[in-house]
Amino acid sequence: MEPTLPIPTPGLSLETPPPNFGRTLLQFRLDADLSLAQAAEKAKITPTRLRTLEEGDFAKIDLHPHYCLPILERLCLAYGRTPQETDRLRSLFQSNLEAYEAETGVQLSRELSECLEDNGGASPLGRPSALLILLFTFLLLVLILGGCLYRGFQQSALTTRTEYDLPALLPAPTLPLDALPLP
């Protein structure tokens, strides 16, 4: 009797899944014997954000990839990982990000300068709202300076003014006797 080969089930893959930075990050945390809250506190992020990173789903990660890399470095430092393991996790993150972008067509890894250009140019003077804020700030400074100068002039005018007793300055009226009315 000949050995029969198993019939592959549809939807079941015999290939090992590609390495995922989220699973690697989770394994690092478990190896360090830290809870989710402890690891998040050491890395100065929220537990929810750490859980999202450990899931490795770029659709759920609410950070720009440029900000994820320093977080991954802080986590590796908190887990006591070597610089080589940290570099391996960073490169795994980059390769998973590139695979996600190729798969979905969503560009997440734009350069930071491109993000600034999307907001209306790299120069803040290129945006009308920045010009208005700059103008109002200048006007506010002019008003404050004008108020300080006005108050200074008022104070100097008060110190040089002399107080006079008005009734003492007026001479008493003198009338000739023949101008007085007769009783």
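Predicted model: local features only at pLDDT ≥ 70, side-chain atom pairs only at ≥ 80, totals over all residues.
What percentage of the 183 residues in the protein do buried residues make up? Buried residues make up 22% of them, where buried means under 20% relative accessible area, tested with a 1.4 Å probe and the protein chains only.

Residues are numbered from 1 along each chain as its sequence is written, and side-chain values use heavy atoms, with hydrogens and water left out.

The protein has eight helices and zero strands, both being DSSP runs numbered from the N terminus, with helices (H or I) of at least four residues and strands (E) of at least two.

Let me turn to the largest pocket, where a pocket is an open set of points on a 1 Å grid over the protein atoms alone, where a 1.4 Å probe fits, with protein on both sides within 12 Å along at least five of seven lines. Ten residues line this pocket, and Asn20, Gly56, Asn96, Ala99 and Tyr100 lie nearest its centre, a lining residue being one with an atom within 4 Å of a point. Helix α5, residues 83-104, gives the largest share of that lining, with four residues.

Tyr100, which lies in helix α5, is buried, with a relative accessible area of 17%. Although Tyr100 and Phe58 are 42 residues apart along the chain, their C-alpha atoms are separated by 7.2 Å.

Terms used:
Buried < 20%, exposed > 50% of the residue type's maximum accessible area, 1.4 Å probe, protein only.
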